[in-house]
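Open the model in your viewer and keep the sequence panel beside it.

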Amino acid sequence: MAHVVVMYKTPKDTTAFDKYYFETHVPIAKKIPGLRKYEVSQGPVGTPAGPSGFHLIATLYFDNMAAVQAGFGSAEGKAAGADVQKFATGGADMLLFDNREV
């Protein structure tokens, strides 16, 4: 299974971010072809040392990296990527990786 982890940094207005993210962005992102599962963090995102600079972490699951590439290369994937600029005022980091059980 491959994962896409999107780490949204604390936005200028967390209430506006949350409203847009859940009402607008999530429905757009859920249309990405090949998406198997979509999870988001709940509550504050912390570190072992205390608070972090992140407001929300999203984890998207795909069958493999080819499915990630195809999904984000699709019209729906491009729409989801373009939409991030509309609400992620604090910025966002994205990690893509395949994983294995050990």
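Select Thr59 to begin: with a relative accessibility of 16%, Thr59 counts as buried (under 20% relative accessible area; exposed is over 50% and partly exposed lies in between, with a 1.4 Å probe and protein chains only). This is a predicted model, in which local features need pLDDT of at least 70 and side-chain atom pairs count only at pLDDT 80 or more, while totals for chains, interfaces and linings use all residues. Residues are numbered from 1 along each chain as its sequence is written, and side-chain values use heavy atoms, with hydrogens and water left out.

Thr59 belongs to strand β5, residues 54–62. Helices (H or I, at least four residues) and strands (E, at least two) are DSSP runs, numbered from the N terminus. Show what surrounds the residue: apart from neighbours within four places in sequence, Thr59 is in contact with His3, Val4, Val5, Lys37, Tyr38 and Glu39. Contact means heavy atoms within 4.5 Å.

Now extend the selection to the whole of β5. Eight of its nine residues are buried, so the strand is largely enclosed by the rest of the structure.

Strands β1 and β5 pair in the antiparallel sense over eight bridges; two strands pair if DSSP finds at least two bridges between them. One place to look is Met7, whose bridge partner in β5 is Ile57.

Move on to Ala67, in helix α2 (residues 65–73). Is Ala67 buried or exposed? At 18% relative accessibility, Ala67 counts as buried. Not counting residues up to four places away in sequence, Ala67 touches Pro33 and Phe62. For a distance check, draw a line from Ala67 to Val4: the two are 63 residues apart in sequence, and their C-alpha atoms are 11 Å apart in space.

Next, select Glu76 in helix α3, which covers residues 75–84. Glu76 counts as partly exposed, with a relative accessibility of 33%. Leaving out residues up to four places away in sequence, Glu76 touches Lys31, Ile32 and Pro33.

Finally, zoom out to the whole protein chain. Colour by secondary structure to find three helices and six strands, in the order β-α-β-β-β-β-α-α-β from the N terminus. The radius of gyration is 14 Å, close to the 13 Å that the globule rule gives for 102 residues, so the chain is as compact as a globular protein of that length. That radius is taken over C-alpha atoms, and the rule is 2.2 Å times the number of residues to the power 0.38. Along the principal axes, the C-alpha atoms fill a box of roughly 35 × 35 × 15 Å.

Of the 102 residues, 33% count as buried. Among contacts between residues at least 6 apart in sequence, 75% join residues at least 24 apart.
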